[in-house]
Amino acid sequence: MSELEDGRTKFLELVKALDPGITVVIPVAASNDLFLISLAKGLHKKFITLSEDDMMDLAGDPGTWSDVTRQVKQALSELPG
């Protein structure tokens with residue numbers, strides 16, 4: 001598995017651990033080195049951006065894991081319900 005695919009898997013695991021009711025859409029490819037990721041709960045959506053480097057480092061770098069976890073928690077707290 002590539003670093004990018006491993007990062008995607010870890011990202012999905014992170015979101016599901018925080019809230020299993022969230023639907024996650026990660027684009028197939030980054031645009032300008034950024035992924036615009038959709039987090040949805042029912043009809044409500046929140047978007048976060050994650051750099052391609054951060055996505056690749058997610059599985060192996062505790063600092064990146066911590067930063068992304070904080071960003072995801074913030075986005076989820078802004079979703080109603």
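This is a predicted model: local features need pLDDT of at least 70, side-chain atom pairs count only at pLDDT 80 or more; totals for chains, interfaces and linings use all residues.
Two residues are in contact when heavy atoms of theirs lie within 4.5 Å. Leaving out residues up to four places away in sequence, Met55 touches Glu3, Leu4, Gly7, Arg8, Phe11, Ile26, Phe35, Ile37 and Leu50. Methionine 55 belongs to helix α2, which covers residues 52–57. With a relative accessible area of 0%, methionine 55 is buried, because buried means under 20% relative accessible area. Phenylalanine 35, one of the residues touched by Met55, is 20 residues from methionine 55 in sequence, and the two C-alpha atoms are 8.5 Å apart in space.

**The chain as a whole**

The chain has 3 helices and 3 strands. Along the sequence they follow the pattern α-β-β-β-α-α. The radius of gyration is 12 Å, close to the 12 Å that the globule rule gives for 81 residues, so the chain is as compact as a globular protein of that length. Taken along the principal axes, the C-alpha atoms fill a box of roughly 35 × 25 × 20 Å.

Of the 81 residues, 33% count as buried. The accessible surface is about 4,800 Å², and carbon and sulfur atoms account for 54% of that surface. Among contacts with a separation of 6 or more, 41% are between residues 24 or more positions apart.

**The nonpolar core**

The largest nonpolar core has 19 residues. Phe11, Val24, Ile37, Leu39, Met55 and Val72 have the most contacts inside this core.

Phenylalanine 11 shows how parts of the chain meet. Apart from its neighbours within four places in sequence, phenylalanine 11 is in contact with Val24, Ile26, Ile37, Leu39, Ile48, Leu50, Met55, Leu58, Val68 and Val72.

**A partly exposed residue**

Aspartate 67 is found in helix α3. Is aspartate 67 buried or partly exposed? The relative accessible area of aspartate 67 is 42%, so this residue is partly exposed, a term for values between the 20% limit for buried and the 50% limit for exposed. Aspartate 67 and aspartate 33 are 34 residues apart in sequence, and their C-alpha atoms are 18 Å apart in space.

Notes:
Residues are numbered from 1 along each chain as its sequence is written. Side-chain values use heavy atoms; hydrogens and water are left out. Helices (H or I, at least four residues) and strands (E, at least two) are DSSP runs, numbered from the N terminus. The radius of gyration is taken over C-alpha atoms; the globule rule is 2.2 Å times the number of residues to the power 0.38. Buried means under 20% relative accessible area, exposed over 50%, partly exposed in between (1.4 Å probe, protein chains only). Accessible areas come from the Shrake-Rupley method with a 1.4 Å probe; for residues, only the protein chains shown count as cover. A nonpolar core is a set of buried Ala, Val, Leu, Ile, Met, Phe, Trp, Tyr and Cys residues joined through side-chain atoms within 4.5 Å.
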